[in-house]
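Please look over the sequence and the structure shown below.

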Amino acid sequence: MQKVLIGHPDKNFRYELHKSLVAQKYIVIEADNGGAMFAITKMQQPTFIIAADGMPSLSTEDFLKKLRDVNLGHIPVIVLTTRNNVPRNLMLLEMGAKEILLEPIHENELFFHLKRFNQPFVSSIEKVESIGEKESKEVVVRKPATTIIEVESKSVAAPSIARASNSSLLLRQ
């Protein structure tokens, strides 16, 4: 079973999220402040961390930095925030957060991200190669390579790479 650490100062929020996660077969650990969240992370090494931005005793930035410092930066961290502050959110993502969700969160969105983090990373080239004989697609790959936008799709026998530019890959027969 996978372990999820919920770090949130609101006891009622933790209780409701705890119930939802247990119903989805997760083992749940809770912390009410950033310092406790970091200590628990070091001891328990959860599969995922759901952390409220602005936790008492240790800021979100310091928490993410400390995770990297003790080689735990590989643990996916979903940061929950009440502010839609794009520069701050981008900074948190650059510091190692895997996702930023605006509170109030929707459970389905949270579970989507938890499942997504469980899937092995497949590069855009592997995805294109897996298309095989079914289709040829022109795709635009934006950095990071997790966002792929389909532009055109048509049936062909076997695709080959015709041209690769800075931010796009064109495939055709």
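A nonpolar core is a set of buried Ala, Val, Leu, Ile, Met, Phe, Trp, Tyr and Cys residues joined through side-chain atoms within 4.5 Å, where buried stands for under 20% relative accessible area, with a 1.4 Å probe and protein chains only. This is a predicted model, in which local features need pLDDT of at least 70 and side-chain atom pairs count only at pLDDT 80 or more, while totals for chains, interfaces and linings use all residues. Residues are numbered from 1 along each chain as its sequence is written, and side-chain values use heavy atoms, with hydrogens and water left out.

The protein chain has six helices and nine strands, which are DSSP runs numbered from the N terminus (helices H or I, at least four residues; strands E, at least two). Of its 173 residues, 38% are buried. Among the contacts in the chain with a separation of 6 or more, 51% are between residues 24 or more positions apart, a contact being heavy atoms within 4.5 Å.

The largest nonpolar core has 22 residues, of which Leu5, Met37, Ile49, Phe63, Leu67 and Val77 touch the most other members. Two or more residues of this core come from each of β2 (27–31), α2 (34–44), β3 (48–52), α3 (60–69) and β4 (77–81). Leaving aside residues up to four places away in sequence, Val77 touches Ile49, Ala51, Phe63, Leu64, Leu67, Ala97, Lys98 and Glu99. A second, separate core has 17 residues, including Val28, Ile50, Ile78 and Leu80.

Two packed helices are described by the angle between their axes and the distance between the axes. Here the axes are lines fitted to C-alpha atoms over the stretch in contact, and angles run from 0 to 180 degrees between N-to-C directions. Helices α2 and α3 pack at an angle of about 20 degrees, with their axes 10 Å apart. This makes α2 roughly parallel to α3, a description used for angles under 35 degrees. In their contact, Gly34, Met37, Phe38 and Thr41 of α2 meet Phe63, Lys66 and Leu67 of α3.

Helix α1 (residues 11–23) packs with helix α5 (residues 107–118) at an angle of about 55 degrees, their axes lying 12 Å apart.

Definitions and conventions:
Buried < 20%, exposed > 50% of the residue type's maximum accessible area, 1.4 Å probe, protein only. Parallel < 35°, antiparallel > 145°, perpendicular 65-115°, else oblique.
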